[in-house]
Amino acid sequence: MKCLVPDTGITINPIGEIVLCCAGDNVAIEHISNIENVSDFFNSKIYNEIRDKFRKKEFPKQCNVCKVHWKAGRIARFDSYNRFDFPTYKEDLSNSIIPIRFLEITTSNICNQMCVTCSGKYSSKWAPAEAYAVQVGLDWRNENHKFHTKQYKMTDEDVEKILQIVPSLQHLTIKGGEPFADPNNIKILQKLADTNPKCRVEICTNFQLVTQSVIELLHKIDEVHIQASIDGVGSLYNWIRGGNFEKTVNNINRYYKYAKRKIVIVSTVSIYNWMHLPELIDYWKNIEGVERISMANIVTFPKYCSPLYLPVDQIEKGKKNFFDYLESYDYVEKHDIYKTNNLMVSGIGNMRSIELTTDPNVKEIRRRMLKWIDFCLIARMNDEDIFELAPHLKEIF
């Protein structure tokens, strides 16, 4: 067990809380508004205690999500962080003041979409609907640690604290909300382009709000990796994400045409697209601007969106459909990926790990599945019919 995060950087979640990483964003260490200097806080007693835990091979309380995935044989979040190659790593640890080399930041929960697997914590469009959901009887909705009923945006003063550490970063990850819906993220990227263009950048986005000026700004940074959240094709995407599929495709093509940079598609695997993953992969295999599609994000919470709670015959059928489709791809055992000439598919180990949950409350969770679908139809005013798009859901109810 190894994680670079406590030694290299910090994460700030969509409501301004400093957390160890995005996987432990339900356990706040502090709030950005309560500290004067980010670097000083990173070298405080609280962070040193977390580092000591890892040196003793213990999971701190912030790391329960990674602990669960690790024990289940799935890719844990620390596996992703450990791939970062910080050339100053050992040198930094020997300093009396450890510099921040890694920053994952979400400057707000402002978002233009209402994804069915999401919540008010990550989407300002969901926020007002969260309270209404509880009012109309979905009282279990607020059991989710991502439950949040207000829009949050980082203040100019707090953004300035972030800008101070940008010049020394070696890796920057920007998430949302939707990163390109908040001008503060553009301000951070501009600062990076002006002072530290060799910093590696990752941006997790729905890719709906990518203007030409944004594309040109990203091109000023040497290494930019775009992770686009796409869970389905056509109407299924529109239902799951509450966005416009064709607009996303057009933006990907436009970005590649200008920058000649390929993106990675990260698919959130849920009850809604469980039977349609081959269709999703097949769509992108001949799109020039897409390098890889990842199935690493399996919904485990909220439970009523998780494939772990589908009937066992549906779980097995979905896995069979997925792996039968991939037989036409080349398997690279060393990296556990499948690939064609144009596309790689990763997150395979996570797909293998999906089994029927041992949770005794399966019937109750399936009841919530239906109620949540009904609520989404009202709250988001969908034109699409999920039961026609994903007929396997009819069998459950």
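The following legends describe an overview and several close-up views of a predicted model of one protein chain.

**Figure 1. Overall fold of the protein chain, with 18 helices and twelve strands.** The radius of gyration of the protein chain is 21 Å, close to the 21 Å that the globule rule gives for 397 residues, so the chain is as compact as a globular protein of that length. Along its principal axes, the C-alpha trace spans about 60 × 45 × 40 Å. Of the 397 residues, 58% count as buried. Among contacts with a separation of 6 or more, 72% are made by residues 24 or more positions apart. The chain exposes about 17300 Å², and carbon and sulfur atoms supply 48% of this area.

**Figure 2. A nonpolar surface patch made by Tyr132, Val136, Leu377 and Ile378.** The patch has an area of about 360 Å². One of its members, Val136, is placed in the loop between α7 (127–135) and α8 (156–163). Val136 has a relative accessible area of 42% and is therefore partly exposed, the range for this class lying between 20% and 50%.

**Figure 3. Cysteines in a structure with zero disulfides.** A search of the whole structure finds zero disulfides. Cys118 is in no disulfide, and the nearest cysteine sulfur, that of Cys115, is 5.7 Å away; a disulfide would require two cysteine sulfur atoms within 2.5 Å. Cys118 counts as buried because its relative accessibility is 18%, and the limit for buried residues is under 20%. Cys199 is likewise in no disulfide, with the nearest cysteine sulfur, that of Cys204, 14 Å away. At 1% relative accessibility, Cys199 also counts as buried.

**Figure 4. Cys66 in helix α4.** Helix α4 comprises residues 64–71 and contains Cys66. The relative accessibility of Cys66 is 7%, so this residue counts as buried. Between Cys66 and Arg101 there are 35 residues of sequence separation, and their C-alpha atoms are 22 Å apart in space.

**Figure 5. Two cis peptide bonds, Gly176 to Gly177 and Phe301 to Pro302.** Most peptide bonds are trans. The bond that joins Gly176 and Gly177 is cis, with omega at about 15 degrees. Gly177 is found in the loop between β5 (171–174) and α9 (183–195). The peptide bond from Phe301 to Pro302 is also cis, and its omega is near 5 degrees. Pro302 is found in the loop between β9 (290–298) and α14 (312–325).

**Figure 6. Positive phi values at Asp336 and Met381.** Most residues other than glycine have a negative phi. At Asp336, phi is near 50 degrees, which is a positive value in a residue other than glycine. Asp336 is placed in the loop between β10 (330–332) and β11 (337–339). At Met381, phi is near 55 degrees, again a positive value in a residue other than glycine. Met381 is found in the loop between α16 (362–380) and α17 (386–389). With a relative accessible area of 67%, Met381 is exposed, since that class begins over 50%.

Note on methods:
Residues numbered from 1 in each chain as written. Predicted model: local features only at pLDDT ≥ 70, side-chain atom pairs only at ≥ 80, totals over all residues. Heavy atoms only, no water. Patch = residues over 30% accessible without salt bridge, like charges linked within 9 Å, V, L, I, M, F, W, Y side chains within 5 Å. Areas by Shrake-Rupley, 256 points an atom, 1.4 Å probe, with all protein chains shown as cover. Salt bridge = Lys/Arg side-chain N within 4 Å of Asp/Glu carboxyl O. Helix = DSSP H or I, 4+ residues; strand = E, 2+ residues; numbered from the N terminus. Buried < 20%, exposed > 50% of the residue type's maximum accessible area, 1.4 Å probe, protein only. Rg over C-alpha atoms; globule rule 2.2 N^0.38 Å. Contact = heavy atoms within 4.5 Å.
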